[in-house]
Amino acid sequence: MTTPLVPPFTRETAIAKVRLAEDGWNSRDPERVSKAYTEDSQWRNRAEFPRGRKEIVEFLTRKWARELDYRLIKELWAFDGNHIAVRFAYEWRDDSGHWFRSYGNENWEFDAEGVMQRRFASINDMPIKEEDRKFHWPLGRRPDDYPGLSDLGL
């Protein structure tokens, strides 16, 4: 893509920004993911409120130590100016082998350089049976031809 991913977003740049975020989170690399956020970024993630990259790295390190085999799909919901809203689902298992699908919505606000300065996430977990999983690609980036949330009926 030759269009910069900075506000004000177009439909094309908002979709690309969402996919970049999905790819980063599917890397499960806290340092890599933290670079998408400003140094003083403000988050709300469930009942936690990380502030800044250091706390984001600490949060993500804890998250991916307990959410094993994590696979995420994000989908654009809406955008306007420097704001993007997404819906998402991810599947993971705990260290006892119990599987979950977590559903949520995020509201994002970006600075002029396209770095996320605010992220507010609301998330619900649903236990699932292993045979009910829908996200089966190898760990890492979701393949381009793998269905999205709407295609999977989620």
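**Terms and basis of the model**

Helices (H or I, at least four residues) and strands (E, at least two) are DSSP runs, numbered from the N terminus. The model is predicted: local features need pLDDT of at least 70, side-chain atom pairs count only at pLDDT 80 or more, and totals for chains, interfaces and linings use all residues. Residues are numbered from 1 along each chain as its sequence is written, and side-chain values use heavy atoms, with hydrogens and water left out.

**The sheet**

Five strands form an open sheet with mixed pairing, in the order S1-S5-S4-S3-S2; two strands pair if DSSP finds at least two bridges between them. Strand S1 (37-45) and S2 stand at the edges with a single partner strand each, so one side of each has no neighbour in the sheet. From one strand to the next, the twist averages 20 degrees.

S1 and S5 run parallel and are joined by 5 bridges. Gln42 has Arg118 in S5 as its bridge partner.

**Helices across the sheet**

Helix H1 (residues 11-27) lies across S1, S2, S3, strand S4 (99-110) and S5, and runs at about 165 degrees to S2. Helix H3 (residues 52-66) lies across S1, S2 and S3, at about 45 degrees to S1. Contact here means heavy atoms within 4.5 Å. Axes are lines fitted to C-alpha atoms, for helices over the stretch in contact, and angles run from 0 to 180 degrees between N-to-C directions.

**Aromatic pairs**

The structure holds 12 aromatic pairs (ring centres of Phe, Tyr or Trp, the last by its six-membered ring, within 6.5 Å; planes under 30 degrees apart are stacked, over 60 edge-to-face, the rest tilted). One of them is the edge-to-face pair of Trp43 and Phe59, at 5.7 Å centre to centre with 80 degrees between the planes. This pair links distant parts of the chain, with Trp43 in strand S1 and Phe59 in helix H3, 16 residues apart.

**The cavity**

There is 1 cavity of 30 Å³ or more (a set of points on a 1 Å grid over the protein atoms alone, where a 1.4 Å probe fits but cannot get out; lining residues have an atom within 4 Å of a point). The largest cavity holds about 50 Å³ of space, the volume being that filled by probe spheres set on the points, which are joined across faces, edges and corners.

Strand S2 (68-80), strand S3 (83-93) and strand S5 (116-128) each give two or more residues to the lining of the largest cavity. S2 supplies the largest share, 3 residues. Residues of the lining include Trp25, Asn45, Tyr70 and Arg119.

Terms used
On a 1 Å grid over the protein atoms alone, a cavity is a set of points where a 1.4 Å probe fits but cannot get out, and a pocket is an open set with protein on both sides within 12 Å along at least five of seven lines; lining residues have an atom within 4 Å of a point.
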